[in-house]
Amino acid sequence: MEIIQAQGYDVAFGNEAHQYLGELLNQQQYSKLIILTDTNCNELCMPYFLANLPTTVPFEIIEIEPGEEHKNLQTVESVIQAMLELGADRKSAILTVGGGVITDLGGFVASVYMRGIDCYNTPTTLLSMVDASVGGKTGVDLGSVKNCVGTFSMPKLVIVDVAYLDTLEAAQLKSGYAEMLKHGLICDKDYYMHLRDIRAIDFADLETFIMHSVAIKNAVVSQDPKEGGLRKILNFGHTIGHAIESYHLSESEKETLLHGEAIAIGMVLEAYLSMITGRLSQESFELIKTDLMSVYTMPEFTDKDIENILEWLKFDKKNEAGEIKCVFLEEIGGASFDNLIDKNLIFRAFRESLKEGVK
């Protein structure tokens, strides 16, 4: 079993991590375990999870509907009400089994239930393994504003077992792959160059790649736990990507985008902004653009779409005093944060960067 030590907790890898989890749960002598999952994971992941979890602590399962649209305060209220009815007390603990929606929402519930109870995370998607496993961010959306309500609250343990990935469709794997590419783009050129051609990746080594992504994020977060400075580079692609994701969530006629799909679009746009503001070379931009467009579909955005997406940018938590701040690439493997960007340049990026052959 491989372990990466994060801020006050371990991220444990492999099937043996379940044994480690069971030992911790038994040592803590919890009164009750609340396992939070969604309907998909309850069917596809819970049999494996329970078969590999050696604990004598009594547990109850709370199941919610899957999808970002259910990551809200209404769901939080329903989960807390269910926990009260099941007799969960201050000596209970929450175990999350699912993707980013479950880990975000479950971590938030744990941080506020009776002023805080312990939480253990088992991410089951590639995205949640490489992203939600480190950093202690919890939260829910308010309307279509992503993670508007949340806390910083570290789990007691995260276990990462690639066996859960066998339950995923290709689109979900590609969603997590976008975050892995981001880690390379902002911090590790060699990692990015190794990952950039998805056709050449040996997925038998996927656990090794996941561990590397977790190590990159952990190194950044350990220097800046509350996102006051350096940690902001992890938001490359997210300033515009989150706005695109929220816009598509809010418009019923638009196809909902997976998080990684929206972030991939955001990374092309923000790489283009990096180039036209003199940070990133055109050669590097073209490489990044070609790589991302070979994997992810770039939607066509009308002027009206772009105007609406620009309106969503005002909800980005990195902005201050109404000014839009963005992460720029200085090179492949290096990034800077708190870069002011004009809306007119963002509009130009939409118009010029997402088309084949346009430089």
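Figure 1. The structure, a predicted model, holds 15 salt bridges, each defined as a side-chain nitrogen of Lys or Arg within 4 Å of a carboxyl oxygen of Asp or Glu. Residues are numbered from 1 along each chain as its sequence is written, and side-chain values use heavy atoms, with hydrogens and water left out. Local features need pLDDT of at least 70 and side-chain atom pairs count only at pLDDT 80 or more, whereas totals for chains, interfaces and linings use all residues. Lys71 forms a salt bridge with Glu68, with 3.6 Å between the closest N and O atoms. Lys71 and Glu68 are both buried; buried stands for under 20% relative accessible area, exposed for over 50%, and partly exposed for values in between (1.4 Å probe, protein chains only). Lys71 also meets Asp104 in a salt bridge, at 2.9 Å from N to O. This second pair links distant parts of the chain, 33 residues apart: Asp104 belongs to helix 5 (residues 100–112), and Lys71 to the loop between strand 4 (59–64) and helix 4 (73–85). Helices (H or I, at least four residues) and strands (E, at least two) are DSSP runs numbered from the N terminus. Asp104, like Lys71, is buried.

**Figure 2. The salt bridge of Lys254 with Asp305.** The side chains of Lys254 and Asp305 form a salt bridge with an N to O distance of 3.1 Å. Lys254 is in the loop between helix 10 (238–250) and helix 11 (259–276), and Asp305 is in helix 13 (residues 303–312), so that the pair links distant parts of the chain, 51 residues apart. Lys254 counts as partly exposed because its relative accessibility is 22%. Asp305, with a relative accessible area of 6%, is buried. Elsewhere, salt bridges that share partners join Glu68, Lys71, Asp104, Asp141, Lys146 and Glu245 into one network.

**Figure 3. Aromatic pairs.** There are 4 aromatic pairs, counted where rings of Phe, Tyr and Trp (its six-membered ring) have centres within 6.5 Å; planes under 30 degrees apart count as stacked, over 60 as edge-to-face and the rest as tilted. Tyr48 and Tyr164 form an edge-to-face pair, with 5.2 Å from centre to centre and 90° between the planes. The two residues are 116 residues apart and link distant parts of the chain, Tyr48 lying in helix 3 (residues 46–51) and Tyr164 in the loop between strand 9 (157–160) and helix 7 (170–187). Tyr48 is partly exposed at 28% relative accessibility, whereas Tyr164 is buried at 1% relative accessible area. Tyr272 and Phe285 form another edge-to-face pair, at 5.5 Å centre to centre and 65° between the planes. Here Tyr272 of helix 11 is linked with Phe285 of helix 12 (residues 282–293), 13 residues apart. Tyr272 is buried, with a relative accessible area of 1%, and Phe285 is buried with a relative accessible area of 1%.

**Figure 4. Contact of helix 7 with helix 11.** The axes of helix 7 and helix 11 come within 7 Å and cross at roughly 35°; axes are lines fitted to C-alpha atoms, for helices over the stretch in contact, and angles run from 0 to 180 degrees between N-to-C directions. The crossing is left-handed, meaning that the near helix is turned anticlockwise from the far one by less than a right angle (clockwise for right-handed). Contact requires heavy atoms within 4.5 Å. Ser175, Ala178, Glu179, Lys182 and Leu185 of helix 7 meet His259, Gly260, Glu261, Ile263, Ala264 and Met267 of helix 11. This contact has 5 nonpolar, 3 polar and 3 charged residues, where Ala, Val, Leu, Ile, Met, Phe, Trp, Tyr, Cys and Pro count as nonpolar, Asp, Glu, Lys and Arg as charged, and the others, Gly among them, as polar.

Figure 5. Leu234 is in the loop between helix 9 (206–223) and helix 10 and is buried, at 7% relative accessible area. Its C-alpha atom is 7.4 Å from that of His183, 51 residues away along the chain. Beyond neighbours within four places in sequence, Leu234 is in contact with residues including His183, Ile186 and Val220. Thr124 is in the loop between strand 6 (118–123) and helix 6 (126–132) and is buried, with a relative accessible area of 1%. Among the contacts of Thr124, again leaving aside neighbours within four places in sequence, are Cys41, Cys45 and Tyr164.
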